[in-house]
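Here are my notes on this model, as numbered points. Please read them with the structure open.

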Amino acid sequence: MVITFGDIVAFLALGISIVTMYKSRKYDKLKEDLDTIQKKIAEIQLDKEKKILQDEIKAKIIAEFQNIGTQSKLVIINTGKAIAYNVRIKFPDMKVPFIRTDGMPYETLEPQQSIKLPVLLAASDPRSFTIELIWDDESMKDNVKKMKISI
């Protein structure tokens, strides 16, 4: 059997086609991996955008005790990005300082706005107590946050 120039060209063509096929499969695998990664990135971005949108419609209410000169106040603050409606306060502890809650429930509390409630302290009052802040916002009705307030 004699090997001709045509046989050598055919053998080289076969080798090149095998290499091309191998590289094509490798490329397809890389493309598939890239598509998977891109889908995961898209899901993460979507989740992040959903969270940002939820934060835009959610009020975050906190309370803190402040001594302002000789007066003591319980300050309720909306640190969120949305308006809080129907802001209420409850005292699950039986023994709390006297806190004037006139005007409660508070109709609307704008973002970064606060309510200052006067507190009358007595020597027998506890140094910490629990309060429940309840409010409505665009995301949900009757949001509740329990907080421990220290004097």
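Predicted model: local features only at pLDDT ≥ 70, side-chain atom pairs only at ≥ 80, totals over all residues.

1. **An exposed isoleucine.** Start with Ile16. Its relative accessible area is 56%, so Ile16 is exposed. The residue sits in helix 1, which covers residues 5–56. Ile16 also belongs to a nonpolar surface patch of about 420 Å².

2. Four strands make up an open sheet, and their order is 1-2-6-4. The pairing is antiparallel. Which strands are at the edges? They are strand 1 (61–68) and strand 4 (98–99), each of which pairs on one side only.

3. **Strand 2 with strand 6.** Strand 2 spans residues 71–78 and strand 6 spans residues 114–120. The two run antiparallel and are joined by six bridges. For a landmark, find Leu74: it stands opposite Leu117 in strand 6.

4. **Strand 3 and its partners.** Strand 3 (residues 84–90) pairs with strand 5 (residues 106–109) over three bridges, in the antiparallel sense. Here Ala84 stands opposite Leu109 of strand 5. Strand 3 also pairs with strand 7 (residues 128–136), again in the antiparallel sense, this time over four bridges. In that pairing, Arg88 faces Ile134 of strand 7 as its opposite residue. As background, side chains in a regular strand alternate between the two faces of the sheet.

5. **Two positive phi values.** Most residues other than glycine have a negative phi. Which residues here are worth a check on that count? Asn86 is one: its phi is positive, about 55°, and it is not a glycine. Asn86 is found in strand 3. Its relative accessibility is 29%, so it counts as partly exposed. Asp142 also has a positive phi of about 55° without being a glycine. Asp142 lies in the loop between strand 7 and strand 8 (143–150). With a relative accessible area of 42%, Asp142 is partly exposed.

6. **Arg88 and Asp142.** How many salt bridges does a search of the whole structure find? It finds six. One joins the side chains of Arg88 and Asp142, at 2.6 Å from N to O. This pair links distant parts of the chain: Arg88 is in strand 3, Asp142 is in the loop between strand 7 and strand 8, and they are 54 residues apart. Is Arg88 buried or exposed? Arg88 is buried, because its relative accessible area of 18% falls under the 20% limit. Asp142, at 42%, is partly exposed. Asp136 joins in as well: Arg88, Asp136 and Asp142 are linked in a network of salt bridges.

7. **Lys81 and Glu56.** These two form a salt bridge, with the closest N and O atoms 3.7 Å apart. Lys81 lies in the loop between strand 2 and strand 3, and Glu56 lies in helix 1, so the pair ties together parts that are 25 residues apart in sequence. Lys81 counts as exposed, at 55% relative accessibility. Glu56 counts as partly exposed, at 38%.

8. **Lys146 and Glu132.** Their side chains meet in a salt bridge of 3.6 Å, N to O. Lys146 is in strand 8 and Glu132 is in strand 7, so the pair ties together parts 14 residues apart in sequence. Lys146 counts as exposed, at 59% relative accessibility. Glu132 counts as buried, at 16%.

9. **The nonpolar core.** The largest nonpolar core has 21 residues. Which of them touch the most other members? They are Ala63, Leu74, Ile76, Ile131, Leu133 and Ile149. The elements giving two or more residues to this core are strands 1, 2, 3, 6, 7 and 8. Strand 7 gives the most, with four residues.

10. **Around Ile149.** Leaving aside residues up to four places away in sequence, Ile149 touches Ala63, Glu64, Phe65, Leu74, Arg127, Ser128, Phe129 and Ile131. Among these contacts, Ala63, Leu74 and Ile131 are also listed with Ile149 as core residues that touch the most other members.

Key: Residues numbered from 1 in each chain as written. Heavy atoms only, no water. Pairing = 2+ DSSP bridges. Buried < 20%, exposed > 50% of the residue type's maximum accessible area, 1.4 Å probe, protein only. Patch = residues over 30% accessible without salt bridge, like charges linked within 9 Å, V, L, I, M, F, W, Y side chains within 5 Å. Areas by Shrake-Rupley, 256 points an atom, 1.4 Å probe, with all protein chains shown as cover. Salt bridge = Lys/Arg side-chain N within 4 Å of Asp/Glu carboxyl O. Core = buried A, V, L, I, M, F, W, Y, C linked by side-chain atoms within 4.5 Å. Contact = heavy atoms within 4.5 Å.
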